Amino acid sequence: MTQTVPVPQGLPMERDAGPFDPPREITRLREARPVSPMVFPDGHEGWLVTGYDEVRQLMADTRFSSRQDIGILHVPYETPGMPVQTEPSPPMPGMFVAMDPPDHGRLRKRLTGAFTVKRMKQLEDHIIEITERQLDAMADLVPPIDLVKEFALPVPSLVICELLGVPYEDRENFQANSAQLMVRDQTLEEKMAAFIGMNTFLTELVTRKRETPGDDILSDLGRHDDLTIEELAGAAFLLLLAGHETTANMLSLGTFALLEHPEQLAELRADAELLPGAVEELLRYLSVADIFFRYATEDLELGGETIRAGSTVVISLLAANRDPRRFENPGTLDLHRNARGLLSFGHGIHQCLGQQLARIEMRAGFEGLLRRFPTLALAVPADEVKLKTDMNIYGVHELPVTW
């Protein structure tokens, strides 16, 4: 029988349980009612889904639409100054993560071959080489340094730029615009300026790729005549944004978590065979890409609740990955854990296309960092590390370290 619990007014976001844990209110809601009604800041009633089984079921069911043009998008955050709703608008061409079948499949299948496990394995040595070069540059610096600036952000940026065929010298432009797009509390003008800047840059780039293709993913996409320039730019937008933001945050926040769990860190240093499992556990434990939206296209049953057609549904992957019904002692970082089944890359047709690439980058990054800097330590007290509580992908703004 469903417990009677207070209905949350907006989505609880305050990291009051610690820098690596879900907000206490999110955890309480999951334990009491994994599919909870919630009230958005504009008074609209929707749902918050926090249970592992319920999130997995929802993300596998395409009747929960990913499109943002079928109803008003009700922003769930309790952030001052944030608009409470935006009018429906068509999805950006090529942005297949916000599409449903069959449009989603038409675009995604063009990229599936570029991100196969086999192809990613073939790239592994080169990714290690890129990582080692960045570690060489870091070793030449005098500590303390900001690990985000000198390592965690450059490595995935270099990798995704090379894969897509994006000039790395343009990184300051796209990194600034993509970071701005991740800011939770911003004006529409700020967001649109970043969006237009990024889209203009990528439209010009894919136009050149179509005219003079090279040996890269965007050139491969450009050879498909059925894809418009607008679709190519949209796909490039998604791949570039997702291809460096999430991994950069995992490398920096993951390092912070390891430094704050010295016993686990010591075990990882002593046994390199722990590394693949450690990456999976860090992905589960941190879940930096946490909040996702779906929209019910018909009356649906989920977790014993009836979700009416047109309802906005908010998903917390972090809460699901911390569900004790799925993972024993889920609030504990345990590098020996079998974290199989984690939902950090999503589930269903929208499961992250680049997840194998991200895993390779994280394995190379953590292995190289811990090997090259055996005395790595925080250069400031842990409570002074600036957390990305203001961003849509969680992490740290800076991670001052020394060795």
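Ala, Val, Leu, Ile, Met, Phe, Trp, Tyr, Cys and Pro count here as nonpolar, Asp, Glu, Lys and Arg as charged, and the others, Gly among them, as polar. Welcome to this predicted model, in which local features need pLDDT of at least 70 and side-chain atom pairs count only at pLDDT 80 or more, while totals for chains, interfaces and linings use all residues. Residues are numbered from 1 along each chain as its sequence is written, and side-chain values use heavy atoms, with hydrogens and water left out.

## Space inside

Rolling a probe the size of a water molecule over the atoms shows where empty space is left. A cavity is a set of points, on a 1 Å grid over the protein atoms alone, where a 1.4 Å probe fits but cannot get out; lining residues have an atom within 4 Å of a point. Grid points are joined across faces, edges and corners, and a volume is the space filled by probe spheres set on the points. The structure has three cavities of 30 Å³ or more. The largest cavity holds about 190 Å³ of space. Its lining has 19 residues, and Met13, Arg15, Arg184, Asp290 and Ile291 are the closest to its centre. By class, the lining of the largest cavity comprises 12 nonpolar, three polar and four charged residues.

## A strand between partners

Helices (H or I, at least four residues) and strands (E, at least two) are DSSP runs, numbered from the N terminus. Buried means under 20% relative accessible area, exposed over 50%, and partly exposed in between (1.4 Å probe, protein chains only). Strand E7 (residues 291–296) has five of its six residues buried, so it is largely enclosed by the rest of the structure.

Two strands pair if DSSP finds at least two bridges between them. E7 runs antiparallel to strand E3 (residues 64–65), joined by two bridges; here phenylalanine 64 has alanine 296 of E7 as its bridge partner. E7 also pairs with strand E10 (residues 312–316), in the antiparallel sense and over five bridges. In that pairing, arginine 294 stands opposite valine 313 in E10.

## Charged pairs

Side chains of opposite charge can pair when their charged atoms come close. A salt bridge is a side-chain nitrogen of Lys or Arg within 4 Å of a carboxyl oxygen of Asp or Glu, and the count comes to 23 salt bridges. Among them are these:

| Salt bridge | N to O distance |
|---|---|
| Arginine 28 and glutamate 25 | 2.6 Å |
| Glutamate 231 and arginine 106 | 2.3 Å |
| Arginine 372 and glutamate 132 | 2.8 Å |

Glutamate 231 lies in helix H10 (residues 229–259) and arginine 106 in helix H3 (residues 103–112), so this pair ties together parts that are 125 residues apart in sequence. Glutamate 231 is buried at 13% relative accessible area, whereas arginine 106 is partly exposed at 29%.

Arginine 372 in helix H14 (residues 355–372) and glutamate 132 in helix H4 (residues 117–139) link distant parts of the chain, 240 residues apart. Salt bridges that share partners join Glu132, Asp136, Glu367, Arg371 and Arg372 into one network.

Arginine 28 and glutamate 25 both belong to helix H1 (residues 24–32), where they sit three residues apart, about one turn of the helix.

## Cysteines

A disulfide is a pair of cysteine sulfur atoms within 2.5 Å, and the structure holds zero disulfides. Cysteine 161 is in no disulfide, and the nearest cysteine sulfur, that of cysteine 352, is 17 Å away. Cysteine 161 is buried, with a relative accessible area of 2%, while cysteine 352 is partly exposed at 30%.

How values were computed:
1 Å grid on protein atoms, 1.4 Å probe; cavity = no way out; pocket = protein on both sides within 12 Å on 5 of 7 lines; lining within 4 Å.
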